Amino acid sequence: WANSIGDFIADFTMARQGFPRMGIAACFGGPLLNLLLGLGISSTYMCFKSPDYIFHINTLGSVEFLCTVFLMGSLSLSLILVTVFLKFRVGKRFGIALICYYVVFVVLSCLGEAKKIPSPK
C-alpha cells in the first residue's frame, strides 16, 4: 500500500530487519501524511486566495464516489483488522481478501464508467 516502489522496498526492509510494526505504520502513515498535507496546504491556499475565504468543491460523480467509498472502506477495515483483531500478524488469507476487494472495485469502476450502474445522485 505504499506510495511507490521505493516506499514498498523501505517498508519491506524495515519489516525484514525486525521492525514489522514500523513497516505497517509506514504503510498507513506515509499516504495519510501525503493526503493531509496535500489537501491541507492546497485548501488553505484556496481559502486565502478567495476574497470571502470560501471555495467550492465539485460534487462527486458515480466513479469518484465509488473510489471514495472503496478507499475509506479498505483503509478503515485494514486498520481495524490489522491492529485490533490480527495483532499485526497478517497472513495469506488477508492478502487474498484484499485482492478480491480490489477486483470487486475494478469491476464496479468499469461498470460505472460504462454507465451500467446508476449514479448515487
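1. A definition to begin with: buried means under 20% relative accessible area, exposed means over 50%, and partly exposed lies in between (1.4 Å probe, protein chains only). On that scale, buried residues make up 15% of the 121 residues in the protein.

2. Two points on provenance. This is a predicted model, in which local features need pLDDT of at least 70 and side-chain atom pairs count only at pLDDT 80 or more, while totals for chains, interfaces and linings use all residues. Residues are numbered from 1 along each chain as its sequence is written, and side-chain values use heavy atoms, with hydrogens and water left out.

3. The protein has four helices and zero strands, where helices (H or I, at least four residues) and strands (E, at least two) are DSSP runs numbered from the N terminus. Its radius of gyration is 18 Å, well over the 14 Å that the globule rule gives for 121 residues, so the protein is more spread out than a compact globule. That radius is taken over C-alpha atoms, and the rule is 2.2 Å times the number of residues to the power 0.38. Along the principal axes, the C-alpha atoms fill a box of roughly 50 × 40 × 25 Å.

4. Helix α1 (residues 5-16) and helix α2 (residues 20-49) pack at an angle of about 160°, with axes 6 Å apart. The axes are lines fitted to C-alpha atoms over the stretch in contact, and angles run from 0 to 180 degrees between N-to-C directions. α1 and α2 are therefore roughly antiparallel, the term for angles over 145 degrees. In this pair, Asp 11, Met 14 and Ala 15 of α1 meet residues of α2 including Pro 20, Met 22 and Cys 27; contact means heavy atoms within 4.5 Å.

5. Helix α3 (residues 62-85) and helix α4 (residues 92-113) pack at about 170°, with their axes 9 Å apart. That makes α3 roughly antiparallel to α4. Among the α3 residues that meet α4 are Leu 66, Phe 70 and Leu 81, and the α4 side includes Phe 94, Tyr 101 and Leu 108.

6. What does Leu 79 contact, leaving aside its neighbours within four places in sequence? This residue of helix α3 is in contact with Phe 28 and Val 84. At 44% relative accessibility, Leu 79 counts as partly exposed. The C-alpha atoms of Leu 79 and Ile 24 are separated by 9.8 Å, although the two are 55 residues apart along the chain.

Note on methods
Parallel < 35°, antiparallel > 145°, perpendicular 65-115°, else oblique.
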